[in-house]
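Hello,

Have a look at it first, and then read on for what turned up.

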Amino acid sequence: MEHLAAGLVLVTAITALNAVLTLALVRRWRSLTSSPPDAHDHHDHHGHEGHDGAPDLGIAPGSRMPVFSAVAADGSAVTRETLIGRPALVAFLSLDCSGCDDSLPAFAERARRVREAGGRVLATVVGVDAAGSELAARLRDLADHVVPEFLDAPVGARFGARYYPGFAHYDADGIAVTAGVGLAALDAPDDVRDVRDGVRMDTRDGETAAR
């Protein structure tokens, strides 16, 4: 009986700990998937503000793609080396984000242009059943790699993404050319110029050249 009682106490403690951890993950997920602030108050939940008052995704133009490792929905491994060497478009999406569904048509067009230019497209989907979700299924024809993530979103966290839907466009050297929250990130001009350390990078349909 003593062993039975001890076992019941242990099971109860583990169950309680699991509930606490799950609640913490859910709260973090909801904070990430919350809509960006209104136009007059563009601050993310970390208190950062982007250029021209826009919400700051957390990925600054000129920053380097982080080292990461993930398993795609088809079971293949995806790492930084998978994308480096050609332009790359990365999307950060969530099942608990109505704006993510709304962004798919524009994302599809941008992804098509990047892939036709020889680039690669990575899309992450965060949610409890992200792997079997309709959103992940719709992305299979749009992206080269679809990575389902649980609520802690390890890949998104490595990149520094703070909001959904978020998008980042990297050049062949793994340098972020443009990044942002929502459709505005996909509506960037055909020529995106970033002047850093005397080097100007011109991007046209995923092609980058230093001048």
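The protein exposes about 11,100 Å², of which carbon and sulfur atoms supply 54%; accessible areas come from the Shrake-Rupley method with a 1.4 Å probe, and for residues only the protein chains shown count as cover. Of its 211 residues, 40% count as buried, where buried means under 20% relative accessible area, exposed over 50%, and partly exposed in between (1.4 Å probe, protein chains only).

Before the details, please keep in mind that this is a predicted model: local features need pLDDT of at least 70 and side-chain atom pairs count only at pLDDT 80 or more, while totals for chains, interfaces and linings use all residues. Residues are numbered from 1 along each chain as its sequence is written, and side-chain values use heavy atoms, with hydrogens and water left out.

The score pLDDT is the predictor's confidence in each residue, from 0 to 100. Its mean over the protein is 75, and 61% of the residues reach 70 or more. For residues 19-52, where pLDDT is under 50, the model has 51 contacts beyond four places in sequence, a contact being heavy atoms within 4.5 Å. Over residues 190-211 pLDDT also stays under 50, and there the model has 47 such contacts beyond four places in sequence. Where pLDDT is low, the predicted coordinates should not be read in detail.

The fold and its core

There are five helices and ten strands in the protein. These are DSSP runs, numbered from the N terminus (helices are H or I, at least four residues; strands are E, at least two). Among the contacts with a separation of 6 or more, 64% are between residues 24 or more positions apart.

The largest nonpolar core has 44 residues, and Phe107, Leu139, Phe159 and Tyr170 touch the most other members. Several elements give two or more residues to this core, including helix H3 (98-116), strand S4 (120-126) and helix H5 (154-159). Its largest share, six residues, comes from S3. A nonpolar core here is a set of buried Ala, Val, Leu, Ile, Met, Phe, Trp, Tyr and Cys residues joined through side-chain atoms within 4.5 Å. In soluble globular proteins, nonpolar side chains tend to be buried together.

The aromatic residues

A search of the whole structure finds four aromatic pairs. In one of them, the rings of Phe159 and Tyr170 have their centres 6.0 Å apart and their planes at 70 degrees, so this pair is edge-to-face. Phe159 is in helix H5 and Tyr170 in strand S6, eleven residues apart, so to speak of the pair is to speak of a link between distant parts of the chain. For reference, rings of Phe, Tyr and Trp (its six-membered ring) pair if their centres lie within 6.5 Å; planes under 30 degrees apart count as stacked, over 60 as edge-to-face and the rest as tilted. Phe159 and Tyr170 are both buried, and together with Phe68 and Phe92 they form one aromatic cluster. Beyond four places in sequence, Tyr170 touches residues including Ile59, Met65, Pro87, Val90 and Ile175.

Ile175 itself sits in the loop between S6 and S7 and is buried, with a relative accessible area of 13%. Its C-alpha atom is separated by 9.6 Å from that of Ala60, 115 residues apart along the chain.

Leu122 is found in strand S4 and counts as buried at 1% relative accessibility. Leu122 and Val90 lie 32 residues apart in sequence but 4.8 Å apart in space, C-alpha to C-alpha. Thr124 has its place in strand S4 too, and is buried with a relative accessible area of 1%. Leaving aside neighbours within four places, contacts of Thr124 include Phe92, Val147 and Glu149.

Backbone and cysteines

A cis peptide bond joins Tyr164 and Pro165, with omega about -10 degrees; Pro165 is in the loop between H5 and S6. Ala153, in the loop between S5 and H5, has a positive phi near 45 degrees although it is a residue other than glycine. Ala153 counts as buried, at 2% relative accessibility.

The structure holds zero disulfides, a disulfide being a pair of cysteine sulfur atoms within 2.5 Å. Cys97 counts as buried at 8% relative accessibility, and Cys100 is buried at 0%.

Best wishes
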